[in-house]
Amino acid sequence: MVEIVTCPNCGKRNRVPAAATGVPRCAACHTPLPWLTSAGDGDFEQVVRSTLPVLVDLWAPWCGPCRVIEPGVEQAARTLAGRLKAVEVNVDQAPRIAERLGVQGIPTLLLLRDGREVARQVGAVPPAPLLRWAEEVITKPAA
Ligand SMILES: [Zn+2]
C-alpha cells in the first residue's frame, strides 16, 4: 500500500509506502514527511517494522470515542514528522493482531519501539494530551 503525502513545506505530493525503513522525506525539498498509514492482520508486522517509534491506533468505525482519537493521531504524525510513524489499525479487519496485542477495548493507543510495546493508553484522549504523551514516550531514552 502507498500513501500520497503532501509535503508541509513545499506542497509536493509524495508517494510513501506503508512498509519502509528510515524516514520518508519530500523528494523535492527533503523535509521529513508526516507518516500516517494503516495496517491489518495481513501486513501489520511489515508496517510496524520501522527504525522510528510507531504509534498504533486501534479503532473501529462503530466506536464513537475512536473519532476523538483520530485528529490527535493525525496531529502527532504531522507534529512529530521524522520522529514517529503512525499506524491506524481497524480491529474489525485485524482481529488476530488485536488479540495478540491483548487489546481489551478501543480506542487503544500503543507505542512500539523495534516492534516492542513501550507504552499503552486506553480510552479516548483529546489531541493535546495525546501529542504530549507520544512526544514524552519517544523522547525518553530506550530502556
Ligand atoms: Zn517538500
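Predicted model: local features only at pLDDT ≥ 70, side-chain atom pairs only at ≥ 80, totals over all residues.

Biologist: OK, which residues coordinate the zinc ion?

Modeller: Four cysteines, through their SG atoms: Cys-7, Cys-10, Cys-26 and Cys-29, at 2.3 Å. Along the sequence these donor residues follow the spacing C-x2-C-x15-C-x2-C. Helices (H or I, at least four residues) and strands (E, at least two) are DSSP runs, numbered from the N terminus.

Biologist: And what geometry does the site of the zinc ion have?

Modeller: Tetrahedral, with angles of 104 to 118° among the four donor atoms. Four donors count as tetrahedral if all angles lie between 85 and 135 degrees; four count as square planar and six as octahedral if opposite donors are over 155 degrees apart and all others between 65 and 115; anything else is irregular.

Biologist: Is Cys-7 buried or exposed? And what about Cys-29?

Modeller: Cys-7 is buried, at a relative accessible area of 3%, whereas Cys-29 is partly exposed at 28%. Buried means under 20% relative accessible area, exposed over 50%, and partly exposed in between (1.4 Å probe, protein chains only).

Biologist: Switching topic: how many disulfides does the count come to?

Modeller: One disulfide, going by the rule of a pair of cysteine sulfur atoms within 2.5 Å. That disulfide joins Cys-63 to Cys-66, S to S 2.2 Å. The torsion about its S-S bond is about 85°, so the disulfide is right-handed. Cys-63 is buried at 5% relative accessibility, and Cys-66 is buried at 4%.

Biologist: Which other residues of α2 are buried along with Cys-66?

Modeller: In α2 (66–79), Ile-69, Gly-72, Val-73, Ala-76 and Ala-77 are buried too. The arc is that of the directions from the helix axis to the C-beta atoms. On the other side of α2, Arg-67 and Arg-78 are exposed.

Biologist: What does the buried side of α2 pack against?

Modeller: β3, β4, β5 (85–90), β6 and α4. Contact here means heavy atoms within 4.5 Å.

Biologist: So what about α4, which residues are buried there?

Modeller: Leu-130, Leu-131, Trp-133, Ala-134, Val-137 and Ile-138. They cover an arc of only 160° around the axis, which puts them on the same side of α4. The face turned away carries the exposed residues Arg-132, Glu-136 and Thr-139. The buried residues of α4 pack against β4 (54–59), α2, β6 (108–113) and β7 (116–122).

Biologist: Last one: what does Leu-110 touch?

Modeller: Leu-110 is in strand β6 and is buried, with a relative accessible area of 0%. Not counting residues up to four places away in sequence, the residues that Leu-110 touches include Val-54, Leu-101, Ala-119 and Trp-133.

Conventions: Residues numbered from 1 in each chain as written. Heavy atoms only, no water. Donors = N, O, S within 2.8 Å, 3.2 Å for Na, K, Ca; no water.
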